[in-house]
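Thanks for coming. Please have a look at the model on the screen, and I will go through a few places in it.

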Amino acid sequence: MGPAGPTKKAILAGLRWTSLRLRLVVVFGAVALTAAVSASGIAYWLNREAVLTRTQDSALDSFKQEMQNRAAVLPLRPRQDDLRTTARQMAGDNTGDNVLLLGEDSEGKQIVGASDPDAFALKDVPDALRQAVNERQKVTSGNRYPYHLFWQRTERDGKPYLVGGTRITGGGPTGYLFKSLDQERADLNSLAWSLGIATGLALIGSALLAQAAATTVLRPVQRLGEAARRLGEGRLGTRLRVSGTDELADLSRTFNSAAESLQKRVADMSAREESSRRFVADMSHELRTPLTALTAVTEILEDEAENLDPMIAPAVTLVVSETRRLNELVENLMEVTRFDAGTARLVLDDVDVADQVTACIDARAWLDAVELDAERGTMARLDPRRLDVILANLIGNALKHGGSPVRVAVRTEGDELVIEVRDHGPGIPEDVLPHVFDRFYKASASRPRSEGSGLGLSIAMENAHIHGGDITARNVPDGGAMFVLRLPRDGSEAADRDADGDGAGGGGGAR
């Protein structure tokens, strides 16, 4: 029962109108049907004309001969019995053939003799044919006879008939032939059925041929599509087996060449990226030792700032500030390096989110500038340190670039924890909004040396991603910007995924 699902899916996929296989079958079928119908139609028309013409000529020639041999020898004023007898003799034993003779008796009255009055009477002869037969033609060098043989095809009770007529020159009787064409129609219907069956067989054959052609053509295309999907999934060692010298073989060679080039480029880029990450990590690590010493010295200088010469104090203050900024930058670089290397891991704990936010604000002396809307007892299982980093960056960014008061609201939506950080500043420019989480991005090019490192929001986003969450930024209609942090209330799934080797990725910067 297992393979039935994929097999059925493959069949249904092959029957979609967007399927090249189905379109090939339809096109082949349409061409074959057009050709078969055209050939059958022409063959039917030619055979129909040949059959009808042959039957018609044979019947009219025989009727004309009988008129000369039998009707012409009748007396000028024949009796009705003579006409009837001659008509029966002219009709002979041919089933479906009837003859009607018209003459005048000794009193000048028209008399009619029919081989079968019930089957063929004078009323069955079309008026136009009677008029043509009785019309006397002018005798000239090109026309030696005043009367000619005329014919017409007609139907009676849904059956086809041939009606022919002529008259004897010199006052003899007028004769009409009424011949059934039902047998010819039956023969033509049989021919039509045969041609229809042949057309159907041609259509089936074309469908089978199209299927075979589609299989031959599409199998390499399907292999190419599957290889392209594997390549898109990151399996850069995917290659196609090349056979033949046709266009599909050239396409396979081109694909292999492109895949090989792509693999080489990706390998080169990965090597350069790894080298860059290693360089940043090594540089950050090497900077920590001298920075530790510098920090210790700056702390001493800061403590002695009041006793220093007023001319030297501003320089000492600058050194202390820049040393702290450099120390923060190094710490941020090391954190980013851990994210890029995929070595960042969650250390989960059950925390009261309201207490965690309060602790973050209190530790940075922001209590007077931040309004907190959080209900105690809102529990979540997450990494407290990383949540503190996220909150510190979001709230600090709002205080630095937004406007007071900054409001922090905590709520839950199902299994999701939502924390909103809103300021009342001018908001984020629309052209900057898509880039606020980019690394080292700053909204104004005129202040490249701001107090921030340009990595704060990037690190906040990375910490949200490693929890399986996200951060969004938008402007509030009545003024200010709002950052919304969404995290799963239970980060165990994200922690298990990280333990299996799935690192987080992303980027961002500060306003």
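Ile197 sits in helix H5, residues 182-232; helices here are DSSP runs of H or I with at least four residues, strands are runs of E with at least two, and both are numbered from the N terminus. This is a predicted model, where local features need pLDDT of at least 70, side-chain atom pairs count only at pLDDT 80 or more, and totals for chains, interfaces and linings use all residues. Residues are numbered from 1 along each chain as its sequence is written, and side-chain values use heavy atoms, without hydrogens and water.

Is Ile197 buried or exposed? Ile197 is exposed, because its relative accessible area is 52%, and exposed means over 50%, buried under 20%, partly exposed in between, with a 1.4 Å probe and protein chains only.

Now a residue in a loop. Asn143 lies between helix H4 (127-134) and strand S3 (150-156). With a relative accessible area of 14%, Asn143 is buried. A polar atom of the Asn143 side chain is 2.9 Å from the backbone oxygen of Lys138. Which residues does Asn143 contact, leaving aside neighbours within four places in sequence? They are Gln137, Lys138 and His148, where contact means heavy atoms within 4.5 Å.

Last, the whole protein chain. There are eleven helices and twelve strands. Of the 511 residues, 37% are buried. Take the contacts between residues at least 6 apart in sequence: 65% of these join residues at least 24 apart.

Key:
A polar contact is a pair of N or O atoms within 3.5 Å; within protein, one must be able to donate a hydrogen and the other to accept it, and residues adjacent in sequence count only if both atoms are side-chain atoms.
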